[in-house]
Amino acid sequence: MNIKHQAGLTASVLALSASALISPSAAAFDASVSGFIRQEMAYKIGGDQNPNNPNGNPLNGKTVPNTVLDHPGGCALLDALTLLTVAQGGEAYGSCLLGTMPPNITKPFIDNENDWNVFATRAQIDIDMNISNNMTGRMQIRGYYQPDVFDDYGDPNLFTVNNHGDEATYLSISGSNYMVDMPMAYIDYAKGPLWIRFGNQQIAWGEALFFRVADVANGLDLRRHLFLDFGAEEYADERLSSPGVRASYTFGTDWELEVFAQMFQPTIIPNRGSPYSFLPYPFTVDFETGFDQVDDAINGGVRLQGQIGNLGVQFFAVSRHNPDPIFKLVPGNGTAEGLLNGPLPVLGGGSGELMGSQPFYLDESGEFGFDSWRHWFGSTSLAGIDGLGLLNTLIEEYGFLDDAFTLFSYFGLTDGFGDPNVSTIEQGRYIVDTLATAFGGPLRAGGQAVYTAENIYGLGFNYIFYAEPDTFMDQLVLRFEGSYTPDKKFTDPSLSSDFIVSDEWITSVTIEKYQRFTDAFPATFFIFEWMHKSESDMLGRHLSGLGGDRNHLPGGGEDGRGWDALVFALQQPFPDLKWRIDMSILYDLNGGFFMQPAVRYKPSNTWSVEAFANIIDASNSGSIFASTEFSDDFTVRINYQF
Amino acid sequence: MHIRKYDYDYSRRFFMDKLAKGTMGAGVLTSLLPLMGNSGDIGQAYPEELTNIEAYTKGKVQTGDIVDASNVEFVKDILDPVSYLQISQQGRRIRIAPTTTDITELYPRDYLEATLRNQGMASFDNTGNVVHTPDGKPWIGGSPFPDPKSGIEAFANMTLSWGRHDTAVYAVEDNDIGPEGDVEYSYQIGWCEKNTVALVSNPDGPYWEGHEDKLRYQSVWFNYPNDVKGTSFLNIWKYDQREFPDLFGYLPAFKRVRRFPTNQRFEPLVPGITFFLSDAWGAGDPMLTWGNYKIVGRGPFLGSQSGSWQGDKENWSKDHLLHGGKKGLNFFEVDFQLCPEVIVVEAEPLGFPRAPVSKKRVWIDVRNMANIGYVTYDRRGELWRSFETGFAQQKKGDLANLDAKGNPEWTWSYVHAMDVQTNRFTRFNHAKSIKGGLSASFNNEDAYSKYLTVQAIRRLGA
């Protein structure tokens, strides 16, 4: 669907909303405008670069031995392929058995050193309208300009995503370095216990912060500062709006029934090569095709919440297309010269497929593609992909590669003669180096985002304890949320198009407390949260793909344990609230933490400054922070509001 | 020559004697309450030196005069300590208005009628809560103790109905001035309160059916500036004054309503403001979470009980009255009148062990039980903060904001709140409307669904 079509549809929804409900006895129209301008700067405080980008690849500029030269069978295979290539008029590049083939693989050194994670100017304008006694409206326009201060590889486009034409969201225009969108453009109609909101809107359910248990209506926009912005704002800037209708009806004084229906809007992950890109650079994802298959889908949900004495409860059910994409490989349409373009000669006849029918193709630049097993297993494990399983998926789903691996089997590179499958990481190393050597250069791959349908059922409660004043238990808040998603689909760690389907349970327990330690300062706010997910981590990666690294396959027990994380945060305002210090710590029990000390200073009505450090560490690739631990930064945001 | 039947010392001796003996009925020459009910004119209850500033000051200050640093010493004894400090040291001016003797000018009409109608019917039950004596049910409207005999009775009058209307929506312009006299912060605040019991204008009686276990719903939300816009809180007060209200809050960053604990009531809601929830109406906390109520004084007092409504100005603005402070931006020049008799009550925050406040002292005008002076003391016993509220009929010349029965409305008009230790100052103006299209109103039938539910604060929060 092109952007004009989408914009027109949205405008129609708004117009319909307005025409149907404007009261003939409308009160005087009143509008007010406010907004702010903010400079946001996140300076990296470590020298590390994003390992998913070419300049941050641990192998950048490194030379490693080509292991296939140590494998007699592999060596013979390469020479055989060389002979066949020469016989077909191709050019020989050396003989393995004669020792004239280059013994090492060298990844070119890319000397880009990026000092910034964010350096942007943001402007936001809010227009509030009082249309009639029962109707109000709100429009928010957000502009974000990020000049190209990044010393990055490939001059990536930071904002353009081809969901809606070239736009990521329904109401936006963007370019490589800027985006302008409308996170809010809606009309409220409220009469008695009924409230209806029409238009482009965010919907946030639940009470757990950071952990999204009931907060399942909207995806996230991770293009700016990923999810590493000022912790006290949670996902306010990231949660994605989309056109829809939300209605709520209050029963008596304690119960509210709420429903929504909203046009599908996928989560937006950082673009390839951008500062926070978290997919391997050789992996190019097509988001448009997957979105086009569900772009007319409507996500909907219903929630009942209320109060039973001192117990607050909520029950919810959501039927949606998961805005968070899952991935599969798709044919790369690559070509090779001579024999390697296929069909490959295998005993008994092969599939007859050509090289272009499978996902991999040659990286013409020679700079960033998979060129060695170290790169292959290192990058895939960082992304929660099982590098060895991926090889077997390739065999299973792509005839050309089945043929190739069968051919390899004749030379002892696989499980057995005629058996294309591989079972050990050692086999995988030879296979990858053989592939890269045989194709004469590093490889890249094509993938596709898929948005799958699912139903989520959940409940939650909150309870405030009362005890003797000034004791720990007095006014302690306990919150619980849980959700159950039957037959949820996950990216298969081997990137099979046959996704993992599994029931997932998610729970969170939150304890909150305001405690005044001294009469000189306002109360300190503490929050402790525990989240458990049965099948995937906080990034949505299936646990069975976690825990691997360059030398190990995944499977360190993550799959059986489930995923757990703890949050501890505090806020300490100063007496006149001009200053506030915050501390947020997210600890991933798989081995990693994120810590954000922060200070907020608001010296006047118009100016405020927030400064915080993001300190991230991961002890292994099973951690959700493995792909972001490079990004420690010190962020300053200077706001002027009007 | 003006001959006074009762001299200044007479009333002073009278009040001291009354305080010492613990006899508490309001009025000096005669009881106040019967006059309120019979004629509506309370002038006969007090000698002239308690109803005429000229008589009280022996001619040194007259009605219509401006009291400023040059003459404040003549009225020092009848000002609260913060007002005195402001006038004597910070350039504040007040204008002396005649003492209001027509009781109908000191109340919303329905509330006054309920007060008179229901007098003598209130008592405390064994939990300390006010009940309608004949049936033990919640209070039925008006001031339960119009002639209070104790500090807790006086506070019950202020607590059970804050704004003296069944429902009120206030549009509040807030400006917060720093020690250097600059307006450092400005907020536009919506405030809505709706009693569920003790109703005085409800045709169906004193109770909102199904809500008898509560006292009120109250919400506060911010429409300006941008960084706090949408921040909103809903308090649901239980009738049992030993319990804290339920608190729900919408923070724009979270985009959702969350339930909060509610015992932190001695902290500013937003940066720069010199106002705590505990300050509201001089009785911002459930009555029985405070204790040691005691009457510590009785006598005349200067307070703002009339004349401050600026209905002829755009949006009821008082900006033309600004003066004082280092930049001339602190104070509204408002009318003060000699209030013949106030009860001075002190109380301690027993239910808040780490409260920064050690006690509050409130000056309550016996004519209408309004808190016309309020100061708090820190834990060292040093004077800390004030929360001066000015009340007035919304009437100016021929211009008036009328209630449903055609009577001029009566409500608060402004607040001056000051932290004397940091010299930070907050002023509220009760405006006609604020950004976002919110207009002040009373007994608005839609108020509950528009402002006082979890759904409503989510909608207000955007």
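This is a predicted model: local features need pLDDT of at least 70, side-chain atom pairs count only at pLDDT 80 or more; totals for chains, interfaces and linings use all residues.
Student: What joins S4(A) to S5(A)?
Tutor: A hairpin, through two residues.

Student: And which way do S5(A) and S7(A) run, parallel or antiparallel?
Tutor: Antiparallel, with ten bridges between S5(A) and S7 (residues 178–191) of chain A. One of the pairs is A:Gln140 with A:Met184 in S7(A).

Student: How about S13 and S17 of chain A, how many bridges there?
Tutor: Eleven, in the antiparallel sense. S13 is residues 311–321 and S17 is residues 453–464. A:Phe315 faces A:Leu459 of S17(A) across that pairing. S17(A) also has eight antiparallel bridges to S18 (residues 477–490) of chain A. There, A:Ile464 stands opposite A:Val477.

Student: How do side chains point along a regular strand?
Tutor: They alternate between the two faces of the sheet.

Student: Helices now. How far apart are the end C-alpha atoms of H7(A)?
Tutor: 19 Å. H7(A) has 14 residues, 425–438, and at 1.5 Å a residue it should span 20 Å, so the two agree. The expected span is 1.5 Å times one less than the number of residues.

Student: Is H7(A) largely enclosed or left open?
Tutor: Largely enclosed, because eleven of its 14 residues are buried. Buried means 20 or more other C-beta atoms, placed from the backbone, within 10 Å of the residue's own; exposed means 12 or fewer, and partly exposed is in between. Among the buried residues of H7(A) are A:Arg429, A:Tyr430 and A:Asp433.

Student: What do they pack against?
Tutor: In chain A, helices H2 (72–87), H4 (373–382), H5 (387–397) and H6 (399–409), plus strand S16 (443–450). Just after H7(A), A:Gly440 has a positive phi of about 80°.

Student: Zoom out. How many helices and strands does chain A have?
Tutor: Eight helices and 25 strands. Of its 642 residues, 51% count as buried. The C-alpha atoms fill a box of roughly 85 × 55 × 45 Å along the principal axes.

Student: What is the radius of gyration of chain A?
Tutor: 27 Å; a compact globule of 642 residues would have one near 26 Å, so that agrees. The value is taken over C-alpha atoms, and the globule rule is 2.2 Å times the number of residues to the power 0.38.

Student: How many residues of chain B are in contact with chain A?
Tutor: 42, touching 50 residues of chain A. Contact means C-beta atoms, placed from the backbone, within 7 Å. The elements giving two or more residues to the chain B side are strands S7 (183–195) and S11 (256–260), and helices H7 (447–451) and H8 (454–461), of chain B.

Student: What scores does the model get?
Tutor: ipTM 0.87 and pTM 0.90.

Student: Where are the cis peptide bonds?
Tutor: One joins A:Gly342 and A:Pro343, with omega about -5°. A:Pro343 is in the loop between S14 (326–330) and S15 (360–362) of chain A. Another joins B:Tyr224 and B:Pro225, with omega about 0°. Most peptide bonds are trans.

Student: And B:Lys58, what is its phi?
Tutor: Near 55°, positive in a residue other than glycine. B:Lys58 lies in the loop between H3 (53–56) and S1 (66–67) of chain B.

Student: Is B:Lys58 buried or exposed?
Tutor: Exposed, with 11 other C-beta atoms within 10 Å. B:Trp281 also has a positive phi, near 60°. B:Trp281 counts as partly exposed, because it has 19 C-beta neighbours inside 10 Å.

Methods. Residues are numbered from 1 along each chain as its sequence is written. Chains are lettered from A and ligands numbered from 1 in the order in which they are written. Two strands pair if DSSP finds at least two bridges between them. Helices (H or I, at least four residues) and strands (E, at least two) are DSSP runs, numbered from the N terminus. Two residues are in contact if their C-beta atoms, placed from the backbone, lie within 7 Å.
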